[in-house]
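I am opening a notebook on a structure that is new to me.

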Amino acid sequence: RSVTQRGPHQPSFSDKTILQPPLFTRHVFLFAAPPPRLSCPELVPHHPRSTPFPLFAMGCLFSAPEEPVRTAQDLMHGPTDFLELFGDTLVRSDGSTVPTLEGCTGKIIGVLFGASWCPPCVSFSPKIKDLYDAISKDKEPFEIVLVSSDNSEKEMLGYTKDWLSLPFGSPQRQFLEKKYQLSDIPTLIILRPDGSVMTLKGRSDVNNFGKAAFYEWKGQTDM
């Protein structure tokens, strides 16, 4: 059955014609509202630059086709070089730098995603610091690398405590957020010494078990 042409600019087509959807979907809004990515939604309007939103603009959001979702099992498969994860250098709380391999080689690594403006992050900070200090006194091979969502280097260094962090503005931040499919902060991901993921639930482990969490992680390695 054919559609009758009603005007000079109206094409006709048959039932066999296949209509292809557009590659990009356009959504129009009367006001800009960021999508719910972080666990601190009440803070997002005050710190819009601190969260990695997708192609977001006032009035319109263009969403590209999503990539296949990677499972936790996918993330745990195989080692990952620390240079690939963090780049060549990391930063201490005093602003000095340390080569990534010097700071991470042979250690269990806690990748901490957080920010000084995030209340849950501030609440979690004393707990992870207590664990870090206790493990350091025991001279165990453990290091934390902060991936900060702060708006300035000063804010980041104030939140860094005694552990290491990515340099402020490092492109590795976006790489890590995508790699580990970050959805909220604070998040603590525990890596084995070969860079593979041991657990995505380090925050829960610290909250529930404190210092004992580290020895549970260590028991899952060959150390």
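**Confidence.** I began with pLDDT, the predictor's confidence in each residue on a scale from 0 to 100; its mean over the protein chain is 76, and 65% of the residues reach 70 or more. Residues 1-65 have a pLDDT below 50, and this stretch has 71 contacts in the model beyond near neighbours in sequence, a contact being heavy atoms within 4.5 Å. I noted that this is a predicted model, in which local features need pLDDT of at least 70 and side-chain atom pairs count only at pLDDT 80 or more, while totals for chains, interfaces and linings use all residues. Residues are numbered from 1 along each chain as its sequence is written, and side-chain values use heavy atoms, with hydrogens and water left out.

**Core.** Which residues touch the most other members of the largest nonpolar core? I found Phe-86, Leu-112, Phe-113, Ile-128, Phe-142, Leu-191 and Trp-217, in a core of 44 residues. Such a core is a set of buried Ala, Val, Leu, Ile, Met, Phe, Trp, Tyr and Cys residues joined through side-chain atoms within 4.5 Å. Buried means under 20% relative accessible area, exposed means over 50%, and partly exposed lies in between (1.4 Å probe, protein chains only). Among the elements that each supply at least two residues of the core are α2 (82-86), β6 (108-114), α4 (119-137), β7 (142-148) and β9 (187-191), and α4 gives the most, with six residues. The helices (H or I, at least four residues) and strands (E, at least two) are DSSP runs, numbered from the N terminus.

**Strand β6.** I then followed β6, where seven of its seven residues are buried. Ile-108, Gly-110, Leu-112 and Gly-114 point one way from this strand, and Ile-109, Val-111 and Phe-113 point the other way. What runs parallel to β6? Seven bridges join β6 to β7 in that parallel sense, whereas β6 and β9 pair in the antiparallel sense over five bridges; two strands count as paired if DSSP finds at least two bridges between them. The contacts of Phe-113, leaving aside residues up to four places away in sequence, include Val-147, Leu-176, Tyr-180, Ile-185 and Pro-186.

**Helix α4.** Together, β6, α4 and β7 make a right-handed β-α-β unit, right-handed meaning that, with the strands pointing away from the viewer, the path from the first strand over the helix to the second runs clockwise. Within helix α4 I looked up Ser-125, which is buried with a relative accessible area of 6%. Not counting residues up to four places away in sequence, Ser-125 touches Tyr-159, Lys-161 and Trp-163.

**Backbone.** Most residues other than glycine have a negative phi, and most peptide bonds are trans. Here, a cis peptide bond joins Ile-185 and Pro-186, with omega about 0 degrees, and Pro-186 is found in the loop between α6 (172-179) and β9. In that loop between α6 and β9 I also found Gln-181, whose phi is near 50 degrees. Lys-139, in the loop between α4 and β7, has a positive phi near 55 degrees and is exposed, with a relative accessible area of 75%.

**Charged pairs.** How many salt bridges are there? I noted five, each being a side-chain nitrogen of Lys or Arg within 4 Å of a carboxyl oxygen of Asp or Glu. Asp-133 and Lys-129 meet at 2.8 Å, N to O; both lie in helix α4, four residues apart, about one turn of the helix. A network of salt bridges links Lys-129, Asp-133 and Asp-162. Asp-138 and Lys-211 meet at 2.9 Å, N to O. Asp-138 lies in the loop between α4 and β7 and Lys-211 in the loop between α7 (202-209) and α8, so this pair ties together parts that are 73 residues apart in sequence. My last entry is the salt bridge of Arg-173 and Glu-177 at 3.0 Å, N to O, in which both residues are buried.
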